[in-house]
Amino acid sequence: MADAMNCSASHNRLVFLDAMRGLIMVLMALDHASFFIAKTHSHEFWGTAMPRYDSAMPFLMRAVTHLCAPGFFLMMGVGMALFIAARVGEGWGNWRVARFFVIRGFLLIVLQQFLENPAWYLGSLGTATGAFISRGGPIPGGGVPTQFYLGVLYGLGSTLVFWGLLFRMPTFAVIALSMAAMGSTQVVISEFADSKAVYPAFLRMLLIPGHTDEWMVFYPTIPWMGIAGLGMVLGRMLQRHRAGVARGLCISGAGALVLFVIIRLLDGFGNFHRAAPGWIGFFNLTKYPPDLTFLLLTMGIDLLLLRLWMWLENISPCGVRIMAVFGSSPLFFYIAHLYLYAFMGWAFPHGMGLTHMVPLWFAGILILYPLCLWYGRFKQSRPADSMWRLL
């Protein structure tokens, strides 16, 4: 604990990036505590009915966690760019860098099946029959019962492999490819996809989320890889002109929010679901895959939050370093928090109200803090190419 509170210690890491990542992890834990302990969750899939809310609190609790997935991919891209610069400076060759990313990417995909998915199963064992509340329409597709769930670890892992093999691309090409990935998702889903079709599994994994026989895909590669690509560009810029990046974050974040309002009001392209009446309907957006309005709103807020952490690092370094403890060990936090809340949920088989769940979510964060602090120290003590660094 003393090391985390030592605000004058020298660090090679950009701590505000870890703090941003830590905030994302803590918000994500709120959503998963709702799943495991309160026994309620929402799905915002293309082509099926959007979740309906009878009050503001459950919607706001879900909406604030929408910042997490885009933030994951953005921060992964930033981290890749900084990692490349550091390791190349240490003499790593291109093949060694690419190999590190490819191994880490496939490791994430393996962990999805062997560490993450069992946590969801354990959580379901602690739920009484009929107690779980699921908001939203059925998941697109169909077929035999699911055996392989591909969630955010699959999306991150497959994206890491893709950009890990193409990390030498010039910045203009990374931007072009990233925009093409996001734009093609809007076109394919809006114009060609059929929510009742049982698409081949490889198409689910690449582009169209949903259910095909044994495979259930929430985070296909193409819709999310563009955000990681833009994160790589941001990471490259951070190394060259940090002051310019600070200004750019404000401008681009505010610009994304303005563009979100315009596209949402027009209610046409960029909206997989038309806006329902009321303010909840206006902000109730499609996440699987993310439509343009979802990306503009969440990324706009994420960019402004990142700028806020940069500012806070200068005026309150202690507070930033406390949040950075979670962000410096994101994969460890991710796996640990799933099992923690899954086991906590066993004590409440019938669920509970969200207001009663929040203190349990916070208690979980307090439990995870010293664990992440210990693991962060351990990981930093390992060599740069250690397998422990992959976690």
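## Exposure of residues

A residue is called buried when its relative accessible area is under 20%, exposed when this area is over 50%, and partly exposed in between, with a 1.4 Å probe and protein chains only. By this rule, Trp346 counts as partly exposed because its relative accessibility is 41%.

The structure is a predicted model, in which local features need pLDDT of at least 70 and side-chain atom pairs count only at pLDDT 80 or more, while totals for chains, interfaces and linings use all residues. Residues are numbered from 1 along each chain as its sequence is written, and side-chain values use heavy atoms, with hydrogens and water left out.

## Aromatic pairs

A pair of aromatic rings is described by the distance of the centres and the angle of the planes. Here, rings of Phe, Tyr and Trp (its six-membered ring) pair if their centres lie within 6.5 Å, and the planes count as stacked when under 30 degrees apart, as edge-to-face when over 60, and as tilted for the rest. Across the whole structure, 32 aromatic pairs are found. One of them joins Phe162 and Trp163 in an edge-to-face pair, with 5.1 Å from centre to centre and 85° between the planes; Phe162 is partly exposed at a relative accessible area of 26%, whereas Trp163 is buried at 0%. The pair of Phe343 and Trp346 is edge-to-face because its planes stand at 75°, with the ring centres 5.2 Å apart, and Phe343 is partly exposed with a relative accessible area of 43%.

Ring pairs also link Phe45, Phe73, Tyr149, Phe218, Tyr219, Trp224 and Tyr288 into a cluster.

Helices (H or I, at least four residues) and strands (E, at least two) are DSSP runs, numbered from the N terminus, and two strands pair if DSSP finds at least two bridges between them. E4 pairs with strand E6 (residues 215-217) in the parallel sense, over 3 bridges, and Met216 in E6 is the bridge partner of Tyr149.

## Cavity and pocket

Rolling a probe the size of a water molecule over the atoms shows where empty space is left. On a 1 Å grid over the protein atoms alone, a cavity is a set of points where a 1.4 Å probe fits but cannot get out, and a pocket is an open set with protein on both sides within 12 Å along at least five of seven lines, while lining residues have an atom within 4 Å of a point. Grid points are joined across faces, edges and corners, and a volume is the space filled by probe spheres set on the points.

The structure holds 1 cavity of 30 Å³ or more, and the largest cavity has about 100 Å³ of space. Among the residues that line the largest cavity are Asp31, His41, Arg135 and Leu354.

The second largest pocket has a volume of about 730 Å³. Of the 34 residues that line this pocket, Phe35, His43, Trp120, Tyr149 and Phe218 lie nearest its centre. Helix H5 gives the largest share of the lining, 6 residues.
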